[in-house]
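Have a look, and then let's take the questions one by one.

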Amino acid sequence: MEEFKVIGKSVPRVDALEKVTGQAKYTVDVKLPRMLYIKILRSPHAHAKILGIDISKAKKLAGVHVVATGKDAPDEKLYALQDRYVLARDVVRFVGEPVAAVAADTVDIAEDALELIDVEYESLPAIFDQEEALKPNPSVIVTTNVRTRYFSPYYHGRDPSKTPANAIAVERPNVLSYYKVRKGDAEKGFKEADLIVSERYVRPRMNHCCMEPSAAVVQPQPDGGVTVWATTQTLYPEKEIICRVFNLSPSKVRMIGLYMGGGFGSRVEGLGVYIYIAILLARMAKRPVKLVYTRDETFIDGITEMPQVIYIKDGLKKDGTLVARQVKLVINGGAYSGNNVVGAYNATFAASGTYRIPNFWSDSYVVATNEPVAGPFRGFGANPPEWAVECHMDLDAEKLGMDPVEFRRKNVLKDGDENGVGEITYNCEIQNSIDKVVNSIQWDKKPPVEAGPWKRGLGVACSNKLTTGSNFASVVIVKVYPDAVIEVRHSARDLGQGCNTALSQIAAEEFATSVDRIKIVACDSLVTPTDHGTISNRVTYHTGNALRIACADAKRQILDRASAVL
């Protein structure tokens with residue numbers, strides 16, 4: 001095995017000095033000359049028509065420069081299904097949806113101006129239960145005028161065209177996304193089973209609660225373009241959406257990413273409405289603006305994890321063999337599509353990618369409700385079904401009278417096995433992982449009984465992680481200085497996870513130098529190349545491999561030049 005000099009070694013973080021001395025700059029630290037401050041007026045209703053908005057008093061308040069409503073916002077919409085305006089028009093669909101925004105000399109003046117805006121609403125019925133919203137005739141239809149819906153049927157060994165999956169758009173009007181799997185014959189499998197175990201699991205809504213609140217600073221440029229500092233995990237994809245929504249050419253949008261206090265999926269492209277509100281007001285005011293969410297606003301109008309109701313039915317042989325599984329996932333996507341439509345597929349894979357199940361049927365629905373928009377949350381739809389599956393595996397083992405570890409060992413995927421969506425698995429180390437964990441925690445020994453209120457217990461669970469960003473590009477530029485310092489330019493956001501340190505280690509290894517000889521230039525679309533961003537655990541692998549190839553190319557160029565002389 002190759003012995004690395006830098007890779008895999010403990011090195012100081014490359015941003016350590018800046019952070020411990022307080023010199024590290026975040027989006028919330030940006031302050032520009034003549035900068036205005038934005039505050040947002042939000043809907044108090046979960047579902048209502050907007051009958052009228054009177055902004056005349058707010059506009060007259062001293063220190064107020066711009067008041068914007070939905071009629072000032074672009075006609076182009078946000079999100080995967082292009083179903084949400086930058087500011088609400090005609091209808092609001094969740095409590096906290098932005099209906100107007102003010103840019104003023106100070107935050108206090110902007111907040112005072114919000115009190116002077118009069119909005120007339122007509123309240124409408126709302127729906128909050130995703131199972132009710134899933135029905136063919138729900139009490140409320142949330143989704144209207146969406147561009148399209150996402151339907152991705154997977155039929156193992158069958159022709160998808162023979163089943164009209166899109167018919168569900170008519171049958172269930174609140175469904176934003178649907179993913180269907182039919183591998184084998186689950187009904188036959190249940191008939192052949194010695195034991196059937198069924199259960200319903202519920203995973204509630206959670207919030208990422210990033211240390212740095214959602215924030216954006218926008219500097220309008222004389223040519224009509226914008227420079228944007230923002231808490232986005234995906235610099236270049238965000239830029240593409242800004243260009244589409246505001247009809248700007250790519251050369252007129254500069255994205256800058258400073259240090260960032262967390263993301264965890266909540267700040268991927270197009271989801272941060274605050275960015276688009278800030279751009280709108282900056283262009284209207286023709287002055288730089290700053291918008292920083294309060295913690296309340298981050299909870300109300302930030303992306304949350306997708307609440308899920310999960311039904312699992314397993315068919316088992318007496319010896320513990322899993323012969324059939326049927327899963328139904330009802331995912332609460334909230335009032336708009338965000339990018340939560342991908343969650344139906346991700347959640348399905350989580351339920352099918354760990355164990356060997358010859359007969360696997362699954363139906364996954366992302367459903368619209370009058371709740372905050374849901375989306376990626378460390379695993380993007382996968383964690384709830386994985387938790388439910390592992391709870392169910394324990395329940396199966398209990399019903400069979402089997403040790404839960406042995407039950408898992410008997411059914412986990414091994415090299416050459418086919419998973420629930422028809423993929424052949426390779427380099428599958430679940431079995432080895434179980435063995436290492438069991439030995440480490442001394443599974444065979446009962447934990448001691450403590451006298452105090454805290455008790456010690458043992459448990460084992462398995463999971464898999466689908467990487468949704470495998471087909472997205474990363475580009476890295478490497479520059480070698482005369483003093484042998486290596487400059488690495490990239491656009492993958494360091495959210496605090498330390499990717500700049502990891503990339504420095506890769507470059508140092510490639511050039512047989514030390515980490516302190518590596519200079520990182522990151523996340524400025526004026527000078528750093530395209531990267532899909534920090535999502536789905538992809539940066540070290542994708543950006544890292546782009547860097548490795550760039551380093552090799554730089555070394556080749558140096559050697560080519562040197563060979564002519566030497």
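Q: Which residues line the second largest cavity?
A: This is a predicted model, so local features need pLDDT of at least 70, side-chain atom pairs count only at pLDDT 80 or more, and totals for chains, interfaces and linings use all residues. Residues are numbered from 1 along each chain as its sequence is written, and side-chain values use heavy atoms, with hydrogens and water left out. A cavity here is a set of points, on a 1 Å grid over the protein atoms alone, where a 1.4 Å probe fits but cannot get out, and a lining residue has an atom within 4 Å of a point. By that rule the lining is R325, A350, A351, S352, T354, Y355, I357, E386, V389, E390, C462 and S463.

Q: What volume does the largest cavity have?
A: Grid points are joined across faces, edges and corners, and a volume is the space filled by probe spheres set on the points. For the largest cavity the figure is about 110 Å³.

Q: Which residues lie closest to the centre of the largest cavity?
A: Its lining has five nonpolar, seven polar and two charged residues. Of the 14 residues in that lining, the closest to the centre are S214, S266, R267, G302 and I303.

Q: Which element gives the largest share of the lining of the second largest pocket?
A: A pocket is an open set of grid points with protein on both sides within 12 Å along at least five of seven lines. This one has a volume of about 370 Å³ and 19 lining residues, with E18, Y259, N500, I520 and A522 nearest its centre. Two elements give two or more residues, helix 14 (499-510) and strand 21 (518-522). The largest share, five residues, comes from strand 21.

Q: Which strands stand at the edges of the sheet that holds strand 21?
A: Two strands pair if DSSP finds at least two bridges between them. The open sheet has three strands in the order 19-20-21, with mixed pairing. Each edge strand has a single partner, so one side of each is left without a neighbour in the sheet: these are strand 19 (477-480) and strand 21.

Q: Which residue stands opposite R489?
A: Strand 20 (residues 486-490) and strand 21 run parallel and are joined by five bridges. In strand 21, the residue opposite R489 is V521.

Q: At what angle does helix 14 run to strand 21?
A: Axes are lines fitted to C-alpha atoms, for helices over the stretch in contact (heavy atoms within 4.5 Å), and angles run from 0 to 180 degrees between N-to-C directions. Helix 15 (residues 539-565) lies across strand 19 and strand 20, at about 40 degrees to strand 19. Helix 14 lies across strand 20 and strand 21, and its angle to strand 21 is about 135 degrees.

Q: In what order do the strands of the seven-strand sheet run?
A: Strand 1 (residues 36-42) pairs with strand 13 (residues 289-292) in the parallel sense over two bridges, and Y37 stands opposite K290. Pairing across this open sheet is mixed, and the order is 3-5-1-13-10-11-12.

Q: What is the bridge partner of D54?
A: Strand 2 (residues 48-54) pairs with strand 6 (residues 118-123) in the antiparallel sense over six bridges. In strand 6, the partner of D54 is D118.

Technical notes
Ala, Val, Leu, Ile, Met, Phe, Trp, Tyr, Cys and Pro count as nonpolar, Asp, Glu, Lys and Arg as charged, and the others, Gly among them, as polar. Helices (H or I, at least four residues) and strands (E, at least two) are DSSP runs, numbered from the N terminus.
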